[in-house]
Amino acid sequence: MTAADRRPRLLLAGGAGGLVGRALLPALREGWAIRSVHPHPAPSEAAAGVEWIPRAITGTTDWAPLLEGVDAVVNVAWYREPGPLARFADLADGLVGLVDAARRAGVRRFVQISVPPAPESLETTLPYLTEKRRVDDAVRTSGIRSVILRPSMLYGPRDRLLTVMFRLIRRYGICSMFGDGRYHLSPLAATDLARIVAAALADGPSRTVEFGGPQRWPYRALTDRLFQAAGRTPRYVALGNSSSLALAAALERFGSTLLYRYEVEWLLSDRLGLPPYPDPLDPPLAPVERFLAELAANRTGRPAVG
């Protein structure tokens, strides 16, 4: 029997192609034999020796063969872009089926990557959230020892927020300021979330954890730091709350994936400045300044400082 054969087996639902999945592989591949379920191949998985199952979660009803010999499940699957109820309901149906099949298969641990609380208007009307909560509830009530992780804003290489904002500020020297900029964010490195997932896979009680990174930033202070990293003097186009929402809605209608209306509403609600992850980690949670220094170093070609 090889060392790989002796490792416990993990089913990764949603694959390692996205920001979270890319960070998860280095954190899990030494301790787990990973079976990954998603429709399209990910080069990072092939390089890591991951067993890829080319199947969409939507429409999958027979999970039993995929769960054979599986000790734990980690779900990273969800859509970021908004859409009709049917689109999210179909994905949620597949995931709820996975949870039930995992219970029947005797899976000992389920880690669900979710999202933090949003304004009530979004929680009750936005399919992105109503169906996400249905999956959360299925995990929570399944009887499997489970951890539901609800992190705040994530960042990392090729992310769709800080990296994109940095590039736009660097190119144009200006940034939109939604509302008064005094609401908060607690940016969390995707690599730190991966370490938290690895810890959550260890034995322990079921729980739901809402958390962010090590520092709670006023949004304006964070964007000022982005300007600094880009070598630019801060310049803003001030938008009121309603104008901010209207701009995001217009971008959405024209097919932009930069920013969605629900994300702006969530941001303005000041619900994303969550406290740091409560359990100690070694090393501690990474400060966002380190990532901004790396972005600046990539721009200048000089080593990052700090």
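Glu265 has a relative accessibility of 19%, so this residue counts as buried; buried means under 20% relative accessible area, exposed means over 50%, and partly exposed lies in between, with a 1.4 Å probe and protein chains only. The model you are looking at is predicted, so local features need pLDDT of at least 70 and side-chain atom pairs count only at pLDDT 80 or more, while totals for chains, interfaces and linings use all residues. Residues are numbered from 1 along each chain as its sequence is written, and side-chain values use heavy atoms, with hydrogens and water left out.

Let us stay with Glu265 for a moment. Its side chain meets that of Arg261 in a salt bridge, at 3.1 Å from N to O. A salt bridge here is a side-chain nitrogen of Lys or Arg within 4 Å of a carboxyl oxygen of Asp or Glu. Both Glu265 and Arg261 belong to helix 11 (residues 261-268), where they sit 4 residues apart, about one turn of the helix. Helices (H or I, at least four residues) and strands (E, at least two) are DSSP runs, numbered from the N terminus. Arg261 is partly exposed, with a relative accessible area of 34%.

Now find helix 4 (residues 85-105), where Arg103 and Asp100 are 3 residues apart, separated by about one helical turn. Their side chains form a salt bridge too, at 2.6 Å from N to O. Arg103 is partly exposed at 41% relative accessible area, and Asp100 is partly exposed at 32%.

Arg133 forms a salt bridge with Glu123, with the closest N and O atoms 2.9 Å apart. Arg133 lies in helix 6 (residues 127-140) and Glu123 in helix 5 (residues 120-125), so the pair ties together parts that are 10 residues apart in sequence. Both Arg133 and Glu123 are buried. By the salt-bridge rule, the count comes to 20.

Next, look inside. Gln112 is found in strand 5 (residues 109-113), and with 1% relative accessibility Gln112 counts as buried. What does Gln112 touch, leaving aside neighbours within four places in sequence? Its contacts (heavy atoms within 4.5 Å) include Asn75, Lys132, Val135 and Asp136. Helix 2 (residues 19-28) also has buried residues, namely Val20, Gly21, Ala23, Leu24, Leu25 and Leu28. Their cover includes strand 1 (9-13), strand 2 (33-38), helix 3 (43-47) and helix 8 (190-200).

Finally, turn to the surface. Patches are made of residues with over 30% relative accessible area and no salt bridge; like charges are joined within 9 Å, and nonpolar side chains (Val, Leu, Ile, Met, Phe, Trp, Tyr) within 5 Å. Leu168, Tyr172, Ile174, Val237 and Leu258 form a nonpolar patch with about 400 Å² of accessible area together. Accessible areas come from the Shrake-Rupley method with a 1.4 Å probe, and for residues only the protein chains shown count as cover. Val237 lies in strand 13 and is partly exposed at 37% relative accessible area. A positive patch is formed by Arg170, Arg232, Arg235 and Arg299. Lys and Arg count as positive and Asp and Glu as negative, while His and the chain ends are not counted. The place of a charge is taken as NZ of Lys, CZ of Arg, CG of Asp or CD of Glu. Arg232 lies in the loop between helix 9 (219-230) and strand 13 (236-239).
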